[in-house]
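Hi,

Here is the structure I promised to pass on. Have a look at it first, and then read on for what turned up.

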Amino acid sequence: MKYFIFAISLLINASLFYALNTRELLPIPMGSFLSVQEGIWQNAEPVDYDFSENLNVKGINGKVDVYLDDRLVPHIFAEDENDAYFVQGYLHAKFRLWQMEFQTFAAAGRLSEFVGDKAIPFDRNQRRMGMVFAAENALSAMEKDDSTKHALDAYTNGINAYISTLNTAKLPIEYKLLGYKPEKWSNLKSALFTKQMTYTLAGYDKDLEYTNALKVLGEENFKLLYPELADSLYPVIAKGTAYAKPLADLIPPADADSVYFKRNDSIHFTQDFKPNPSNGSNNWAVSGSRTQSGKPILSNDPHLGLTLPSIWFEIQLHTKAYNSYGVSFPGLPGVVIGFNDSIAFGFTNAGRDVKDYYEIKFQDESKSAYWFNGEWKNATQRVEKIKVKGSNEILDTVAYTVFGPVIYDKSFKNDLSNEKAYALRWVAHDTSNILKMWLLLNRAKNYEDYHHAISYFNVPGQNMIFASHTGDIALWQQATFPLRWKGQGLFVMPGYDSSYMWKGYISMEENPHALNPASGYVSSANQRPTDSTYPYFIPGSYEVYRAITINKRLDAMKNITVEDMKALQNDNYNVFAELARPILSKYVNRNELSSEASGYLQIIESWNLMNDPTEKGVTCFNAWWDSLYNNIFLDDLQQAKIPLVRPEKFVLLEALTKDSAFRFIDNRNTAEFEDLHYQVTSALKKAVVNLSKLENEGKLEWAKYKNTTVYHLLKTNAMPFARSGILNGGGNGIVNATQHDHGPSWRMVIEMTQPINAHAVYPGGQSGNPGSKFYDNFIDTWAKGEYYKIFFMQSSDTSSEQIKWTMSFNPAS
Amino acid sequence: MKFLASIILSALLSYATGLFLPWWSIMIVGLIIGYSIPQKRILSFVSVFIGVALFWGLFAYFISNANDHILAKRVAVFIVKKEDPIILMLITAVVGGLSAGISAVTGRSFALLLKK
């Protein structure tokens with residue numbers, strides 16, 4: 001009997017151990033997960049936690065003091081700037097390690113390592129796009145330059161110094177949830193981060209869909225639906241600016257008309273994991289002549305996916321060489337958007353197309369040679385090894401051509417063949433040292449320094465805004481942008497002929513720029529940089545409407561203050577609706593409407609055109625316009641059942657403004673002819689069905705409909721770590737660009753007085769730990785459109801009341 | 001007396017071993033206490049369960065209280081789909097208590113096995 005009892009209890013015991021220690025039965029091993037000494041409870045940071053510490057670390061040359069203020073912003077005081085980067089790395093890791101690793105794992109196509117086989121398509125896509133190849137090229141340039149190499153080395157060492165202090169209990173909670181451990185940081189990971197950022201901002205392309213559109217719609221309709229310029233464009237560089245004769249003379253290949261522009265080809269597969277085309281930003285700088293203080297004010301708010309932990313980490317770096325403040329990327333040394341004692345700098349995305357596709361014909365299955373300039377040319381092969389959790393490693397062979405990696409071939413998209421594969425030409429693969437720009441901007445003192453710093457930047461193209469204490473304001477659209485003959489790269493190009501390759505890059509001095517313009521301000525909002533007189537062909541994805549509001553508002557302002565600039569960043573005016581509503585009003589057949597539909601029409605027509613949180617008009621207007629858009633375009637876009645890209649919303653608005661008989665209005669799938677009256681009225685009737693459903697759910701008010709949500713990086717897999725139901729206004733095409741989960745990821749207004757008057761906020765918190773009160777504590781302030789006054793600490797401020805904790809880093813022998 | 005000693009010792013030893021060993025050290029503690037303190041199996045189980053459940057439950061409570069339950073509210077949603085820190089603490093206590101308690105029964109059974 002006692003043997004039996006022992007055997008049974010041992011069995012139960014072993015089973016229980018197994019059940020609580022494995023991920024095979026429950027998704028989370030409850031034993032280690034709930035352990036009070038090593039599990040999640042250890043991530044519950046006391047609300048009165050004392051961050052003060054005295055540390056001895058190897059890798060710094062002198063003592064570094066870090067003053068943490070009441071918002072947990074570190075103010076790093078170091079003599080040696082590399083010591084500052086070391087400590088920046090240490091602090092990034094201390095507060096954001098999981099995020100840093102996750103983002104660089106994603107960049108490198110390594111998510112399968114801890115997510116399992118469902119991430120394989122994503123990982124393959126990243127590898128085949130040449131993300132690691134691009135990062136290696138970037139790293140070689142960064143490490144060739146002594147100053148960047150030392151900065152990166154110090155930063156990496158700082159991260160690893162923190163990682164080496166970790167034990168199971170101290171691991172960020174996401175590691176405990178997912179069941180893996182951090183690996184050592186490396187300079188390559190920082191390079192990977194820059195490439196992920198490049199993909200986010202300069203990775204969107206429409207070449208394959210455009211190729212399809214050309215076939216389905218024909219050249220004339222293509223130009224109507226995908227025009228180069230919007231009529232209502234308010235370019236970054238003021239209209240009428242004179243451009244010099246171009247340095248480069250660009251002529252299309254002799255056979256372009258027959259081989260390229262008349263190509264009759266379709267691409268049936270869809271491209272997955274495209275970056276969000278809404279990734280963009282606002283920035284503007286007003287000169288002292290227009291401000292109350294007489295000093296320039298610079299404002300910037302980058303619009304990105306809103307995430308927890310935030311993409312940004314606020315920081316001050318005080319060294320012998322400079323004193324800078326702003327937000328940094330966990331993953332890179334230096335301040336990325338911010339200011340120093342003398343200047344302020346910020347960015348918006350240029351949205352220029354720097355990514356083209358070439359059709360490749362392989363000699364055979366081995367993908368070792370492809371047809372090029374009349375002969376078989378050898379392709380180099382890169383074998384990507386993808387480790388998969390719970391399964392065997394996957395090998396993926398990617399051929400590299402003169403253009404770049406062959407991203408799509410039959411091993412990846414099964415409707416392709418040896419005869420038909422697509423290589424990618426992308427500026428992101430070029431060798432360059434973009435980190436050097438930031439390290440130089442941190443120490444820049446004037447316009448010349450800024451101009452020199454930005455010359456190192458090649459991609460992703462940015463509108464780089466500048467203001468100085470001495471009164472200069474400037475904006476450069478900067479990157480290395482390919483020289484293109486007109487039409488080049490809109491569609492897939494032939495890969496067998498070198499005459500279709502890019503002929504080089506537009507020289508920096510020809511990039512659109514403005515220094516102290518007569519208007520007294522510079523601004524950008526992802527719109528096309530120039531009007532049609534710019535001498536180069538510059539396709540891209542451009543926004544139209546935010547720029548209109550910003551420029552009109554700035555034109556009307558005098559004696560500008562910081563408060564005015566905050567108000568402008570939070571401006572909810574809907575200029576698109578201002579232009580579109582009259583068309584809806586004009587063409588709707590009122591006598592055909594039900595009383596319910598008339599009610600919504602009344603809401604729309606009496607709406608004040610503000611995307612404010614409690615307005616119902618915006619929800620109703622959007623539903624109507626979207627419904628009209630679908631009425632007019634879906635039949636045309638879906639006629640061939642191959643991927644096409646939706647025309648921009650300005651296309652329909654401007655077409656209907658000019659021409660009530662716009663040729664796409666009629667529904668091609670019906671025998672009858674539908675006119676604009678019919679389509680507008682029918683669109684409202686369709687919208688009413690959804691609107692009445694929304695009204696019943698209490699979601700007609702804009703903020704309730706929009707349900708602004710800051711997701712955790714694990715998206716819907718980690719909703720307890722997200723913040724949803726944030727009731728704020730804004731939207732697509734609105735200066736306050738807050739959409740459901742996308743929008744101003746950092747709002748900053750910097751007045752270049754002495755001392756500098758700086759205000760900023762971001763929708764997150766300094767700590768990446770969901771168990772810290774500093775995890776999401778800025779969100780409510782951000783949602784209300786309020787800001788924090790920045791504590792730009794000076795050496796004399798060490799006893800300031802704003803300093804709550806001090807960390808001392810002492811060099812260990 | 002043995003019962004009370006078993007409660008106190010299992011809590012203290014669990015804390016001490018947990019400083020160096022992973023979470024399953026509470027199972028080792030259960031085995032040792034069950035083996036070395038002679039009492040009925042059921043009492044071994046109950047006493048060790050109480051000792052470790054109290055340790056884990058109360059420890060979790062003190063940590064969470066100092067944290068204003070920020071983390072426990074979030075993690076509770078993962079596990080029981082609602083923002084209830086107390087339930088998470090109870091689950092924690094039960095997981096700890098059960099693991100160690102069952103081990104105590106195994107330890108006691110082993111001791112009885114060796115006894116002639």
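Which residues of helix α13 (residues 447–454) of chain A are buried? They are Tyr450(A), Ala453(A) and Ile454(A). Buried here means that 20 or more other C-beta atoms lie within 10 Å of the residue's own; 12 or fewer makes a residue exposed, anything in between is partly exposed, and the C-beta atoms are placed from the backbone. These three residues cover an arc of only 90 degrees around the axis, which puts them on the same side of α13(A). The arc is taken from the directions that run from the helix axis to the C-beta atoms. An α-helix has 3.6 residues a turn, so residues three or four places apart point the same way. The partners that the buried residues of α13(A) pack against are β10 (343–349), α12 (435–443), β18 (462–468) and β19 (473–478) of chain A.

Some housekeeping: this is a predicted model, where local features need pLDDT of at least 70 and side-chain atom pairs count only at pLDDT 80 or more, while totals for chains, interfaces and linings use all residues. Residues are numbered from 1 along each chain as its sequence is written, and chains are lettered from A and ligands numbered from 1 in the order in which they are written. Helices (H or I, at least four residues) and strands (E, at least two) are DSSP runs, numbered from the N terminus. Contact means C-beta atoms, placed from the backbone, within 7 Å.

Now for the domains of chain A. The assignment, which is an automatic or database one, gives domain 1 (52–243 + 278–572 + 730–813) and domain 2 (575–706). Their centres, taken over C-alpha atoms, are 35 Å apart. Domain 1 of chain A puts 22 residues into the contact and domain 2 of chain A puts in 16. On the domain 1 side, α10 (207–225) and α14 (545–556) of chain A each supply at least two residues, and α10(A) gives the most, with six.

Two helices of chain A are worth a look together. The axes of α17 (residues 595–605) and α20 (residues 676–696) of chain A come within 10 Å and cross at roughly 85 degrees. (Axes are lines fitted to C-alpha atoms, for helices over the stretch in contact, and angles run from 0 to 180 degrees between N-to-C directions.) α17(A) and α20(A) are therefore roughly perpendicular to each other, a label for angles of 65 to 115 degrees. From α17(A), Glu596(A), Ala597(A), Tyr600(A) and Leu601(A) meet Leu684(A), Lys685(A), Val688(A), Leu691(A) and Ser692(A) in α20(A).

On to chain B: it has five helices and zero strands. Its C-alpha atoms fill a box of roughly 55 × 25 × 25 Å along the principal axes, and 53% of its 116 residues are buried.

Most residues other than glycine have a negative phi, and most peptide bonds are trans. The bond from Leu308(A) to Pro309(A) is cis, with omega near -10 degrees, and Pro309(A) is found in the loop between β6 (307–308) and β7 (313–318) of chain A. Gln754(A) to Pro755(A) is also a cis peptide bond, with omega near 0 degrees. His69(B) has a positive phi, near 60 degrees. His69(B) sits in the loop between α3 and α4 of chain B and is buried, with 22 other C-beta atoms within 10 Å.

Cheers

Definitions and conventions: Two residues are in contact if their C-beta atoms, placed from the backbone, lie within 7 Å. Angles under 35 degrees count as roughly parallel, over 145 as roughly antiparallel, 65 to 115 as roughly perpendicular and the rest as oblique.
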